[in-house]
Amino acid sequence: MSHLRTIGLWSALVAVSALLAYGLYQAHFPAALLLGPMIAGIAFGVTGARLALPRAGFQAAQAMIGCLVAHAVTGSIANTLVDDGLVIVAVVLVTVAAGGVVGWALTRLRILPGTTAAWGSSPGGASAMVAMSEEFGADPRLVAFMQYVRVVAVVLSASLVTRILLQGSPVPAGPDQAVDAASAASVFTTLAVAAIGAAVAMALRVPAGALVGPMILGAGLHAAGLVRMDLPAPVLDAAYAAIGWYVGLRFTRETLRLTVRALPGILVATFAVILLCGGWAYALTHLLAIDFLTAFLATSPGGLDSVAIIAVGSNADVSFVLAVQTLRLFVVLVTGPLLAKWIARAVPEGAA
């Protein structure tokens, strides 16, 4: 009976996700195939459905998104890093510093312990932050809650901003149109890159290896013109839905009970970081020849995979967005442990 119940719940989740995704697509929201399943997953998770996407499925979806990002990588990203390197580094450092200040404030106000606040407020690499946090003494449940609250808030706000800025403009290509018509050979090559890149990165214990491995391997091969990166639309659709479900289903009643006292502070901190990054994005439009949508997506403190989906499905400068987001991911992975230790030591013992 439990098996039949699980099948029934997954069937209902798929149906609700499809309806929400269709409605969002008709409303011209970018990343509708990510947003719909994510919202449906939150609803099912909080109401006690007790569903969970297998980690292998999430890693496979991340590998597909890594290949999608690699498809968008050309020599222009390298040129972007060279031409605007100092500004991009400044963007990354401001965002990382904002996360550090938020973590420090949450600890000073006795909302969360120091290490948990530091890992939870790190901007980007949500799954990697959760995976690494437990090794450094943080509560992975609270870290996961903080990270995925921010991911949801960033995805919703970025989608809303994109929808508003594109109003009256030609409807951007949907994410499933971002990859050219796929040939059998290029699809096989892309899947091979995904499998090899993810396997090597995870074997080396690279944080977020399922995403980062295929992205780096595929980007290098694609930019050099050695392979053609292509994925059929149904595969990408499934990857978007899987990531949406993985994020959404993490929100359960148990998690909410654990974090109800900290929720107001977490929400205030989350939107404070988003607003700070939005202000920084506006400033960037006066420093560089980029539009606000590109700057907003580049500075958004969300996951690389979800922001990449939104960027590819909009009129943003994908090269600039991915250059900033990718660099920040690696900076966060390197600075995360150091920042956690600094916050834990900088705050008086009684405040933690």
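1. The crossing of helices α5 and α13 is right-handed, that is, the near helix is turned clockwise from the far one by less than a right angle. This is a predicted model, in which local features need pLDDT of at least 70, side-chain atom pairs count only at pLDDT 80 or more, and totals for chains, interfaces and linings use all residues. Residues are numbered from 1 along each chain as its sequence is written, and side-chain values use heavy atoms, with hydrogens and water left out.

2. The axes of α5 (residues 85–108) and α13 (residues 263–287) come within 10 Å and cross at roughly 160°, the axes being lines fitted to C-alpha atoms over the stretch in contact, with angles from 0 to 180 degrees between N-to-C directions. The two helices are therefore roughly antiparallel (over 145 degrees).

3. The contact residues divide into 13 nonpolar, two polar and no charged.

4. Three aromatic pairs are found in the whole structure (ring centres within 6.5 Å; planes under 30 degrees apart are stacked, over 60 edge-to-face, the rest tilted). Trp 10 and Trp 245 pair edge-to-face, at 5.7 Å centre to centre and 75° between the planes; Trp 10 lies in helix α1 and Trp 245 in helix α11, so the pair ties together parts 235 residues apart in sequence.

5. Phe 58 and Tyr 246 are stacked, at 3.6 Å centre to centre and 10° between the planes, and link helix α3 with helix α11, 188 residues apart. Both Phe 58 and Tyr 246 are buried (under 20% relative accessible area, with a 1.4 Å probe and protein chains only).

Methods:
Rings of Phe, Tyr and Trp (its six-membered ring) pair if their centres lie within 6.5 Å; planes under 30 degrees apart count as stacked, over 60 as edge-to-face and the rest as tilted. Helices (H or I, at least four residues) and strands (E, at least two) are DSSP runs, numbered from the N terminus. Buried means under 20% relative accessible area, exposed over 50%, partly exposed in between (1.4 Å probe, protein chains only). Angles under 35 degrees count as roughly parallel, over 145 as roughly antiparallel, 65 to 115 as roughly perpendicular and the rest as oblique. Ala, Val, Leu, Ile, Met, Phe, Trp, Tyr, Cys and Pro count as nonpolar, Asp, Glu, Lys and Arg as charged, and the others, Gly among them, as polar.
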